[in-house]
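Have a look at the structure first, then we'll go through it strand by strand.

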Amino acid sequence: MQALVRKCPVWLRGIRGREHPTRVTVRKVETMDYPLNNKTVAFVATDGVERVELEQPRGALYGAGARSEILSIHPGEIQARQFDLNPAGTFPVDRLLADASADDYDALVLPGGTMNPDQLRMNKDAVAFVKAFVESGKPIGVICHGPWTLVEADAVRGRRMTSWPSLRTDLRNAGAEVVDEEVVIDGQLTSSRSPADLPAFCAAIVDQFARAPSRAA
């Protein structure tokens, strides 16, 4: 891999509000292998989504070359949260779930936040989209409270997976084998427990999504 290294001046704000000129090395990579080039990932979410559980996986997938779209149950913007309680900005909705097809995407991510999947599992379009994605065999990443929508779609029976602790009885009652691990991969499903697991979760979904065939292939 060939790379051009150049130095450029950058202003950084130092301690006590003073500005100090410094120099940092910027590496410009001319060629790079992006394992998710030509792949498009659906993020299914609505109001109450835990911001980091959408933002960090989306950033990791973007860094690997993927495009992504936020699909929701209403147009406009969805309200994000931090720790379920604190407002944490908004995300623009790219497409309504009522107008979306699993055929248009190579992979799916279901972020958590308590309010978010609780609303999704009550929406027929969200449940139908997730069910179609499961039936397609394409990879799915799910974290924290996200499995609630999979439960509603009857998609966890016989699966080995993890989740936020309060969902584990629901998962067992729906037929899943539940374990307490930072990331669990079972076939098309990659699951994690909480925001604390995001580094492992992001690495795992990039790897799993890269292994799956692309629609463009």
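Let's start with β10 and strand β14 (residues 189-192), which pair in the parallel sense over 4 bridges. Keep in mind that this is a predicted model. The other strand to look at is β5, residues 67-72.

**Strand β10 and its partners**

- On the β14 side, V142 has S191 as its bridge partner.
- Strand β9 (residues 107-110) also runs parallel to β10, and 3 bridges join the two.

**What covers β10**

- In a regular strand, side chains alternate between the two faces of the sheet.
- Strand β10 (residues 140-143) has I140 and V142 on one side, and both are buried.

**Strand β5 and its partners**

- Strand β3 (residues 40-44) pairs with β5 in the parallel sense, over 5 bridges.
- Within that pairing, V44 is the residue opposite L71 of β5.
- β5 also pairs in the parallel sense with strand β8 (residues 95-96), this time over 2 bridges.
- Here you'll find S72 opposite L96 in β8.

**How enclosed is β5?**

- Of the 6 residues in β5, 5 are buried, which means the rest of the structure largely encloses this strand.

Notes
Residues are numbered from 1 along each chain as its sequence is written. This is a predicted model: local features need pLDDT of at least 70, side-chain atom pairs count only at pLDDT 80 or more; totals for chains, interfaces and linings use all residues. Side-chain values use heavy atoms; hydrogens and water are left out. Buried means under 20% relative accessible area, exposed over 50%, partly exposed in between (1.4 Å probe, protein chains only). Two strands pair if DSSP finds at least two bridges between them.
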